[in-house]
Amino acid sequence: QVQVVESGGGLVQAGGSLRLSCELSARTFSSYTMGWFRQAPGKEREFVCVVSWTGRNAYYADSVKGRFTISRENEKNTAYLQMINLKPDDTAVYYCAAALGVFVDFRIKDPSHWGQGTQVTVSS
(Lines give C-alpha, C1' and ligand atoms only; values in the text may rest on other atoms or scores of the structure.)
Protein backbone atom coordinates (compact mmCIF):
# COMPACT_ATOMS: atom_id res chain seq x y z
CA GLN A 1 0.00 0.00 0.00
CA VAL A 2 1.36 3.38 -1.01
CA GLN A 3 1.74 5.91 1.80
CA VAL A 4 2.55 9.59 1.53
CA VAL A 5 4.15 11.36 4.49
CA GLU A 6 4.89 15.08 4.61
CA SER A 7 7.17 16.93 7.00
CA GLY A 8 8.73 20.34 7.44
CA GLY A 9 5.80 22.64 8.10
CA GLY A 10 5.88 25.31 10.77
CA LEU A 11 5.59 28.98 11.64
CA VAL A 12 7.62 31.55 9.73
CA GLN A 13 7.57 35.31 9.36
CA ALA A 14 6.61 36.95 6.11
CA GLY A 15 9.58 36.98 3.76
CA GLY A 16 10.99 33.82 5.29
CA SER A 17 11.57 30.37 3.83
CA LEU A 18 10.55 26.79 4.50
CA ARG A 19 11.23 23.46 2.86
CA LEU A 20 8.65 20.72 2.94
CA SER A 21 9.55 17.09 2.35
CA CYS A 22 7.37 14.25 1.13
CA GLU A 23 8.32 10.60 1.33
CA LEU A 24 6.47 8.03 -0.75
CA SER A 25 6.50 4.41 0.32
CA ALA A 26 6.47 2.87 -3.12
CA ARG A 27 8.86 0.37 -4.70
CA THR A 28 9.13 2.41 -7.86
CA PHE A 29 9.08 6.03 -6.72
CA SER A 30 10.42 7.14 -10.09
CA SER A 31 7.22 5.85 -11.71
CA TYR A 32 5.13 8.41 -9.83
CA THR A 33 4.24 11.99 -10.58
CA MET A 34 4.54 14.08 -7.42
CA GLY A 35 2.86 17.33 -6.49
CA TRP A 36 1.64 19.67 -3.78
CA PHE A 37 -1.73 21.16 -2.98
CA ARG A 38 -2.81 23.44 -0.16
CA GLN A 39 -5.97 24.36 1.68
CA ALA A 40 -6.37 27.61 3.57
CA PRO A 41 -9.02 28.06 6.28
CA GLY A 42 -12.46 28.49 4.75
CA LYS A 43 -11.20 27.85 1.24
CA GLU A 44 -11.15 24.93 -1.15
CA ARG A 45 -8.03 22.89 -1.69
CA GLU A 46 -5.97 24.30 -4.55
CA PHE A 47 -3.20 23.09 -6.80
CA VAL A 48 0.28 24.40 -6.00
CA CYS A 49 2.73 22.50 -8.22
CA VAL A 50 3.53 19.21 -9.92
CA VAL A 51 6.70 17.54 -11.15
CA SER A 52 7.27 14.74 -13.64
CA TRP A 53 9.12 11.52 -12.85
CA THR A 54 12.46 12.86 -14.02
CA GLY A 55 12.08 16.15 -12.22
CA ARG A 56 12.70 18.02 -15.45
CA ASN A 57 9.14 19.16 -16.03
CA ALA A 58 7.41 21.20 -13.34
CA TYR A 59 4.35 23.39 -13.35
CA TYR A 60 3.19 25.93 -10.79
CA ALA A 61 0.13 27.89 -9.80
CA ASP A 62 0.50 31.54 -10.77
CA SER A 63 0.33 32.58 -7.12
CA VAL A 64 3.59 30.76 -6.28
CA LYS A 65 5.62 31.07 -9.47
CA GLY A 66 9.07 32.42 -8.82
CA ARG A 67 8.82 31.73 -5.08
CA PHE A 68 8.20 27.96 -4.82
CA THR A 69 10.31 25.18 -6.32
CA ILE A 70 9.37 21.53 -6.47
CA SER A 71 12.09 18.92 -6.80
CA ARG A 72 12.64 15.24 -6.18
CA GLU A 73 15.34 12.74 -5.31
CA ASN A 74 14.26 9.42 -6.76
CA GLU A 75 16.96 7.49 -4.93
CA LYS A 76 15.49 8.73 -1.64
CA ASN A 77 11.82 8.28 -2.56
CA THR A 78 11.37 11.92 -1.61
CA ALA A 79 9.96 15.07 -3.14
CA TYR A 80 10.51 18.58 -1.82
CA LEU A 81 8.82 21.95 -1.90
CA GLN A 82 11.18 24.85 -1.33
CA MET A 83 9.28 28.02 -0.47
CA ILE A 84 10.89 31.44 -0.30
CA ASN A 85 9.57 34.96 0.20
CA LEU A 86 6.57 33.53 2.00
CA LYS A 87 3.47 35.67 2.41
CA PRO A 88 0.62 35.49 4.93
CA ASP A 89 -1.62 34.34 2.04
CA ASP A 90 0.53 31.20 1.83
CA THR A 91 -0.81 30.09 5.21
CA ALA A 92 -2.49 26.73 4.68
CA VAL A 93 -2.29 23.02 5.23
CA TYR A 94 0.00 21.68 2.54
CA TYR A 95 -0.69 18.25 1.10
CA CYS A 96 1.71 16.12 -0.87
CA ALA A 97 0.12 14.07 -3.61
CA ALA A 98 1.18 11.30 -5.95
CA ALA A 99 -0.10 9.41 -8.96
CA LEU A 100 1.34 6.52 -10.92
CA GLY A 101 2.60 7.72 -14.27
CA VAL A 102 5.59 9.57 -15.68
CA PHE A 103 3.51 12.73 -15.78
CA VAL A 104 -0.02 13.21 -14.54
CA ASP A 105 -1.17 16.80 -14.84
CA PHE A 106 -2.55 17.60 -11.39
CA ARG A 107 -3.96 20.84 -12.76
CA ILE A 108 -6.68 18.83 -14.49
CA LYS A 109 -6.58 15.36 -12.97
CA ASP A 110 -6.78 14.43 -9.30
CA PRO A 111 -3.91 12.50 -7.73
CA SER A 112 -4.57 9.01 -6.42
CA HIS A 113 -2.54 9.21 -3.21
CA TRP A 114 -2.54 11.93 -0.57
CA GLY A 115 -0.57 12.71 2.55
CA GLN A 116 -2.08 13.79 5.82
CA GLY A 117 -0.99 17.40 5.40
CA THR A 118 1.43 19.70 7.19
CA GLN A 119 0.58 23.15 8.51
CA VAL A 120 2.41 26.20 7.20
CA THR A 121 1.70 29.47 8.98
CA VAL A 122 3.15 32.76 7.77
CA SER A 123 2.91 35.67 10.19
CA SER A 124 2.85 39.27 9.05
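R38, Q39, A40, K43, E44, E46, D89, D90, T91 and A92 line the largest pocket. The model is predicted: local features need pLDDT of at least 70 and side-chain atom pairs count only at pLDDT 80 or more, while totals for chains, interfaces and linings use all residues. Residues are numbered from 1 along each chain as its sequence is written, and side-chain values use heavy atoms, with hydrogens and water left out.

**The largest pocket**

- A pocket is an open set of points on a 1 Å grid over the protein atoms alone, where a 1.4 Å probe fits and protein lies on both sides within 12 Å along at least five of seven lines; lining residues have an atom within 4 Å of a point.
- The volume of the largest pocket is about 180 Å³, a volume being the space filled by probe spheres set on the points, which are joined across faces, edges and corners.
- Its lining comprises two nonpolar, two polar and six charged residues. Here Ala, Val, Leu, Ile, Met, Phe, Trp, Tyr, Cys and Pro count as nonpolar, Asp, Glu, Lys and Arg as charged, and the others, Gly among them, as polar.

**Aromatic rings**

- There are four aromatic pairs in the structure. Rings of Phe, Tyr and Trp (its six-membered ring) pair if their centres lie within 6.5 Å; planes under 30 degrees apart count as stacked, over 60 as edge-to-face and the rest as tilted.
- One of these pairs, F37 with F106, is tilted, with 6.0 Å centre to centre and 40 degrees between the planes.
- This pair links distant parts of the chain, 69 residues apart: F37 belongs to strand β4 (residues 32-39), and F106 to the loop between β9 (92-100) and β10 (113-114). Strands (E, at least two residues) are DSSP runs numbered from the N terminus.
- F37 counts as buried because its relative accessible area is 6%, and F106 is likewise buried, at 3%. Buried means under 20% relative accessible area, exposed over 50%, and partly exposed in between (1.4 Å probe, protein chains only).
- F37, F47, F106 and W114 make up one aromatic cluster.
- F106 touches, among others, T33, F47, V50 and P111, not counting residues up to four places away in sequence; contact means heavy atoms within 4.5 Å.
- The C-alpha atoms of F106 and P41 are separated by 22 Å.

**Charges over rings**

- The charged end of R107 sits over the ring of Y59, 4.3 Å from its centre. A charge sits over a ring if NZ of Lys or CZ of Arg is within 6 Å of the ring centre and within 35 degrees of the ring normal.
- R45 lies over the face of Y95, at 5.9 Å from the ring centre.

**Two asparagines with positive phi**

- N77, in the loop between β7 (68-73) and β8 (78-83), has a positive phi of about 55 degrees although it is not a glycine.
- N77 is buried, with a relative accessible area of 18%, and its contacts include C22, L24 and F29.
- N85 lies in the loop between β8 and β9, and its phi is near 50 degrees, also a positive value.
- N85 is partly exposed, because its relative accessible area is 41%.

Notes
Helix = DSSP H or I, 4+ residues; strand = E, 2+ residues; numbered from the N terminus.
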